[in-house]
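Welcome, and thanks for opening the viewer. Let's take a short walk together, one selection at a time.

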Amino acid sequence: MLLELRDVSVHYGKIRALHGISIEVNEGEIVTLIGANGAGKSTTLKTISGLRPLSSGSVWFEGADISTMAGHKRVVAGISQSPEGRGIFPGMSVHENLLMGAYARKDDFSAELEEAYELFPRLKERQHQAAGTMSGGEQQMVAIGRALMAKPKVLLLDEPSMGLAPKLVQQIFSIIEEINRRGTTVLLVEQNAQQALKLAHRAYVLETGEVVKSAPAAELLDDPQVRAAYLGGDLGVAGGASAPPVPLEKGTAVDGEETQP
Ligand SMILES: Nc1ncnc2c1ncn2[C@@H]1O[C@H](COP(=O)(O)OP(=O)(O)OP(=O)(O)O)[C@@H](O)[C@H]1O
Ligand SMILES: [Mg+2]
């Protein structure tokens, strides 16, 4: 197993954001974490990245307990995150942003730079543009490209499709698939549960800081409870049953082609 959270609890002051969650990510997988607003998805990724301390439990990477390892060392070890809200450096060029992703590396990163530009030709075209003036979707590409520059073994993605037009959502999801096909393990947090479950091998459902379901992603696509809560009832699922559409948490359509409930 590549990455494992064992019985992890995390607090913000007195607020308990994670309550004893256990998650496993195997090498080569795309694992997705779905759940409503405030369920603890971002907290889970931040905890894996070393940005939040554990209250209890442990985090394991390649068989070693990394629970107290500093964040920058985790990047070197092979854990790289593209944060929620993108977190790019707006005043720096696209190119400089990508280079920042390789800051911890001492080896040659020209292959990853080339790969980032190959995955995102738009970034190559705009490499000298200030990242802060790129469109929302383009900034998302910068954030993912930057995370890839660390040559991660596991790439943590926090809502990469957030705020993107349907066409771009599709594009980002195919790029994630391609990144995985090229050998990078992916842990994907998404509000866009439909797309995430179609893409992922396995999935965990988080509710108020607890894992309430874990299964092969395809199984969850057919799970009545998951469909009612996260997939807008019978919307968009092949062979969809008769459950009435339920509004999604963020009021977004599950898929660009769907209409709002
Ligand atoms: N910096 C913080 N200080 C205090 N509480 C926080 C902080 N960050 C998150 N929380 C709380 O922790 C819980 C989990 O938040 P988290 O950001 O992990 O949720 P999420 O699943 O990523 O939600 P969303 O889908 O809205 O991004 C929430 O109740 C949230 O209010
Ligand atoms: Mg979040």
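Which elements each supply at least two residues of the shell around ligand 1? They are β2 (15-25) and α1 (41-49). Keep in mind as you look that this is a predicted model.

**Stop one: the ligand.** Select ligand 1 together with the 13 residues around it. Tyr-12, Asn-37, Lys-41, Ser-42 and Thr-43 come nearest. Now highlight α1: the largest share of the shell, three residues, comes from this helix. If you color the shell around ligand 1 by residue class, you will find four nonpolar, seven polar and two charged residues.

**Stop two: strand β3.** Next, select residues 30-35, which form strand β3. Is this strand buried or exposed? Six of its six residues are buried, so β3 is largely enclosed by the rest of the structure. Show the side chains and turn the view until you can tell the two faces apart. Ile-30, Thr-32 and Ile-34 point one way from β3, while Val-31, Leu-33 and Gly-35 point the other way. Residues on both faces are buried.

To find one of the contacts, select Ile-30 and its bridge partner in β8, Val-186.

Conventions:
Residues are numbered from 1 along each chain as its sequence is written. Chains are lettered from A and ligands numbered from 1 in the order in which they are written. This is a predicted model: local features need pLDDT of at least 70, side-chain atom pairs count only at pLDDT 80 or more; totals for chains, interfaces and linings use all residues. A residue is buried if 20 or more other C-beta atoms lie within 10 Å of its own, exposed if 12 or fewer, and partly exposed in between; C-beta atoms are placed from the backbone. Helices (H or I, at least four residues) and strands (E, at least two) are DSSP runs, numbered from the N terminus. Two strands pair if DSSP finds at least two bridges between them. A residue is near a molecule or strand if its C-beta atom, placed from the backbone, lies within 6 Å of it. Ala, Val, Leu, Ile, Met, Phe, Trp, Tyr, Cys and Pro count as nonpolar, Asp, Glu, Lys and Arg as charged, and the others, Gly among them, as polar.
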